[in-house]
Amino acid sequence: MRMMRLAIEQARAAAAVGEVPIGAVIYRADEVLAAAHNQRETDHDPTAHAEVVVLRAAARRIGSWRLNGWTLAVTLEPCPMCAGAVVNSRLDRLVYGVADPKMGCVDTLARLCSEPRFNHRVEVRRGVLAEQCAELLQDFFRCRR
């Protein structure tokens, strides 16, 4: 839960700069390897989702794209692009806050992280601090309307 709270802090930082409030942290035990939030608007980059940004930062930090032994905590269920990146990064675990009924491809619309035909599968824990994660998104979009 501590790491999801850090991801929520990242999501708040995203909202503060006008980004959709999604935050992510890559960690092992109590060690944080990288933390990030959405940067699509800031970077004018459709791939700058919180998960992709944090995966890139983590890989640079350890000097390898293989993130075996690490866990990703993210406030929203990953989309197809991000779920694919999670699998390709070889993360051991994914922890997410709230399900995404429109784009979620870990559990909701597809199960990419546990697809048996892939050469790597990721252990998934869902619903961690889901209410707080959902509230951030609801508040952000309520203010936009």
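L129 is buried (under 20% relative accessible area, where exposed means over 50% and partly exposed lies in between, with a 1.4 Å probe and protein chains only), at a relative accessible area of 15%. The phi angle of L129 is near 55 degrees, a positive value in a residue other than glycine. This residue is found in the loop between β5 (123–125) and α5 (130–144); here helices are DSSP runs of H or I with at least four residues, strands are DSSP runs of E with at least two, and both are numbered from the N terminus. The structure is a predicted model, in which local features need pLDDT of at least 70 and side-chain atom pairs count only at pLDDT 80 or more, while totals for chains, interfaces and linings use all residues. Residues are numbered from 1 along each chain as its sequence is written, and side-chain values use heavy atoms, with hydrogens and water left out.

A positive phi is also found at A29, again near 55 degrees in a residue other than glycine. A29 lies in the loop between β1 and β2 (31–37). With a relative accessible area of 65%, A29 is exposed.

From this loop, the description can turn to the strands. Strand β3 (residues 71–76) is mostly covered, with six of its six residues buried. Strands count as paired if DSSP finds at least two bridges between them. Strand β1 (residues 23–28) pairs with β3 in the antiparallel sense over four bridges, and Y27 stands opposite T71 in β3. Strand β4 (residues 93–98) runs parallel to β3, and five bridges join the two; in this pairing, A73 stands opposite V95 of β4. Together with helix α4 (residues 80–89), β3 and β4 make a right-handed β-α-β unit. Right-handed means that, with the strands pointing away from the viewer, the path from the first strand over the helix to the second runs clockwise.

The cysteines come next. A disulfide is a covalent bond between the sulfur atoms of two cysteines, identified here as a pair of cysteine sulfur atoms within 2.5 Å. By this rule, the count comes to zero disulfides. The sulfur of C79 has its closest cysteine sulfur in C82, but the 3.7 Å between them is too far for a bond. C133 is likewise in no disulfide, as the nearest cysteine sulfur, that of C82, is 15 Å away. C79 is buried, at 8% relative accessible area, and C133 also counts as buried, at 1% relative accessibility.
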